[in-house]
Amino acid sequence: MKKTFKLLTLGLAATAIAAPAVAQDLSFWSWRQEDRAVYEDLIAAFEAANPGITVEFEAFEASSYATILSTALAGESGPDMMMVRAYGAFEAVAGADYLMPITQDDVPGLASMNETALLAQTLREDGEIYGVPFASQTMLVIYNKGIYDQLGLSEPDTWDELLANAQAIEDAGMFAFANGTATAWQNETIVSALGSSTIGQDFFREVVAGTTDFTDPRFVAGLEKVQEISAYFPDGFTGLDYASSQQLFVSGLAAMFAGGSFEIANFRNQNPDLEIGVFAAPGPSADDAKLVGVFFDGGYAGNASTEHAEAVKKFLAYTATTEFGQVFANELRNITPIQGVTLTDDLLNEVAQLNQSAVPYIMLTNFRYEEPSGSVLLQAEVQKMLAGETTPQDAAQAVTDGIATYYAPFQD
Amino acid sequence: MDAPDTTEAPTQKSRLPRLRMSGRGMWITFLLVPPLAVMALFVIYPIVSALAYAFYDWQGLRRGEFVGFANFSKVLFDEPFATTTWNAFKNNVFVFFALMIIQNGLGFILAYALWRDLPGARFHRIAVFLPVVLSTVIIGYVWKLFFHPIFGAVNQLLRSVGLDVFAGPWLGDPDTALNALIFVNAWAWVGFPTLVFLAGLQRIPSEILDAARMETDSELLLIRKIIWPLIAPSATVCFILLFIGSFNWFELPYIMVGLDGSPFGTTDVLGLYFYRTAFGNQSAGIQDFGMGSALAVLMFLFIAVVATVWTIYLRRREIEV
């Protein structure tokens, strides 16, 4: 009896000591509180396939996420895995050696992702990838199909048709566009959503290569178009903030919203009866490629100093699988860079189609690494331009001069 | 505290009072240490570390090399940062003078009216102070709705009385945005100087006033020669607090116009500029602890020095009276 008891105690003690080494509890931080349920389902599927690994999903308020994450990482109390932003904000974390570099051996799914997606999670100074990119966002025109049908309008093929549509909507006593410029970053989305086709793909290629700058006539022409169409923004749009613009569209008072594809889910939630369509704002001629602006939102990354590196890599590999992408895209209504995912949502499919001819959301993808960032400059200058306080030429000049303070190709 | 005397063996007699002294010392220490520790941890340490941060180059979260005063010279003299800094500073100065006139001036007039017990004084004493207890978040949000260009109460009111020409995008127009914020601040905070001035007025001995009233019938002369000098301590409090508040102004502009000082910097103040530089504006920029810390240190020094010198000056004036 005594012996059995002793053995049992020993056995229990051994299990207790060994257990933490076997069970791997991973923490996973996110800024998407609203996506918790879906993530928990995804995690449950992962845990079922990987016994011994558990993942704890923890979400923080989006606007303070960067501060919380950076403080935790600096204090060595960061999570094992985390959502990180893309581009400049990504480099702030990755450049400080807090993230685990990942390769195609660790995450086979990376092999099938396109280069633009991977660039969003690549640290420029060493060329290594530190995150699995998760969603792309598209700058386009979202419109109210009900109003379009009611007035017998169709998706415009040329810039003039877009203007004619806007005029027809105003004549019918509605707001053509819901957009306002009081919230600074809206100015940048407006330019990308409305001006990309006029500016054209070549300009973007050249500006990225450093062979032209923003004073280029093609970019100025894009700004002129934005200025022209702002005549169809609501009266007093300079005082209209982002939330108010959203409300104008959701309530059906305005027919179009120039903005990001991330609005779609939100619009549908707020007004399920709203019938929504999307199109790329056209260029001056019907032959001009209809372009949308695209950027990647962020990625899933591992902590460089995690104690469970292998388990983390397993989870990251899982986030790049078609199985994960399928749920991520259809449940959370995102466009994923993972290949082989079929979208059940028609509208998302349409956005994915538009993404086939896209230009980068340029200030975020290429000029948000140093201060003053291209975004800071463009947002303020466009706000000024639409308030009638500067011209497209002067705005373009100011943006170029600001970036030129640190960017060599713009200095001559 | 004295160092313990170890040269002589203490006698029983001399030990007793010494023990009592150290007991008292311990009691004082016991009372002082916790607040001092909290102050050191949450006030002095952050200030000192911000001071240290300001002398380094930062790449994101990674501290780079020691750069001396480079961050300071960058925010003060290098373009385009210098323009932003001086524009924000200029706006802070404008806010301070405007609030000095509107908020403190109106505060004094209201206090005087309440003190003279005009009809409804009891009700108004509470009404005037009510907005002060509201959270700035609520005030900012509600006034933002009032100023809404399409549905806002302000424009609706103007239109309903035929003043359509004045209806406009209050927070989006560079000519009105900062003034609108100043108005809201004054509306919300006017109760504070009112209360402080009222307390000062109520402390004036009635004999002095009675004596003065026998000399003159002029209320203005009475205010200028008797009342104003006697409530100088109240004025000191109102002026200094308003000065500190104006140069630390953050919550109201942040809630009503956002981090960028929209439209295009016309409502930008040092607090907003510091915040978006140090912590990054998620939808526009990146974070730079070095420059942010330099801004914070400059703001702290400016406020501390001016507030100290001014307090000393105002206090002297009080004593002379």
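B:Pro80 sits in the loop between H2 and helix H3 (81-115) of chain B, where helices (H or I, at least four residues) and strands (E, at least two) are DSSP runs numbered from the N terminus. The peptide bond that leads from B:Glu79 to B:Pro80 is cis, with omega near 0°. This is a predicted model, in which local features need pLDDT of at least 70 and side-chain atom pairs count only at pLDDT 80 or more, while totals for chains, interfaces and linings use all residues. Residues are numbered from 1 along each chain as its sequence is written, chains are lettered from A and ligands numbered from 1 in the order in which they are written, and side-chain values use heavy atoms, with hydrogens and water left out.

**Backbone features**

- Most residues other than glycine have a negative phi, and most peptide bonds are trans.
- A cis peptide bond also joins A:Glu371 and A:Pro372, with omega about -5°, and A:Pro372 belongs to the loop between helix H16 (362-366) and helix H17 (374-386) of chain A.
- B:Asp117, although not a glycine, has a positive phi of about 55°; its place is the loop between H3 and helix H4 (121-133) of chain B.
- With a relative accessible area of 55%, B:Asp117 is exposed, given that buried means under 20% relative accessible area, exposed over 50% and partly exposed in between (1.4 Å probe, protein chains only).
- B:Phe264 is not a glycine either and has a positive phi of about 30°; this residue lies in the loop between helix H12 (251-257) and helix H13 (270-279) of chain B, and at 16% relative accessibility B:Phe264 counts as buried.

**Aromatic pairs**

- Over all chains the structure holds 75 aromatic pairs, where rings of Phe, Tyr and Trp (its six-membered ring) pair if their centres lie within 6.5 Å, and planes under 30 degrees apart count as stacked, over 60 as edge-to-face and the rest as tilted.
- One of them is the tilted pair of A:Trp31 and A:Phe134, at 6.1 Å centre to centre and with 50° between the planes.
- This pair links distant parts of the chain, 103 residues apart, with A:Trp31 in the loop between strand E1 (24-30) and helix H2 (36-49) of chain A and A:Phe134 in the loop between strand E4 (132-133) and strand E5 (136-144) of chain A.
- A:Trp31 is buried at 6% relative accessibility, and A:Phe134 is buried with a relative accessible area of 6%.
- In chain B, the rings of B:Phe55 and B:Phe72 have centres 5.3 Å apart and planes at 50°, so this pair is tilted.
- B:Phe55 lies in the loop between helix H1 (12-53) and strand E1 (56-59) of chain B and B:Phe72 in helix H2 (residues 70-77) of chain B, so the pair ties together parts that are 17 residues apart in sequence; both residues are buried.

- Chain A contains 18 helices and 11 strands, and 56% of its 412 residues count as buried.
- The C-alpha trace of chain A spans about 95 × 55 × 35 Å along its principal axes.
- A:Ala117 is part of helix H5 (residues 115-119) of chain A and counts as buried at 0% relative accessibility.
- Leaving aside residues up to four places away in sequence, A:Ala117 touches A:Pro133, A:Phe296 and A:Pro337, where contact means heavy atoms within 4.5 Å.
- A:Ala117 and A:Ala86 are 31 residues apart in sequence and 9.7 Å apart in space, C-alpha to C-alpha.
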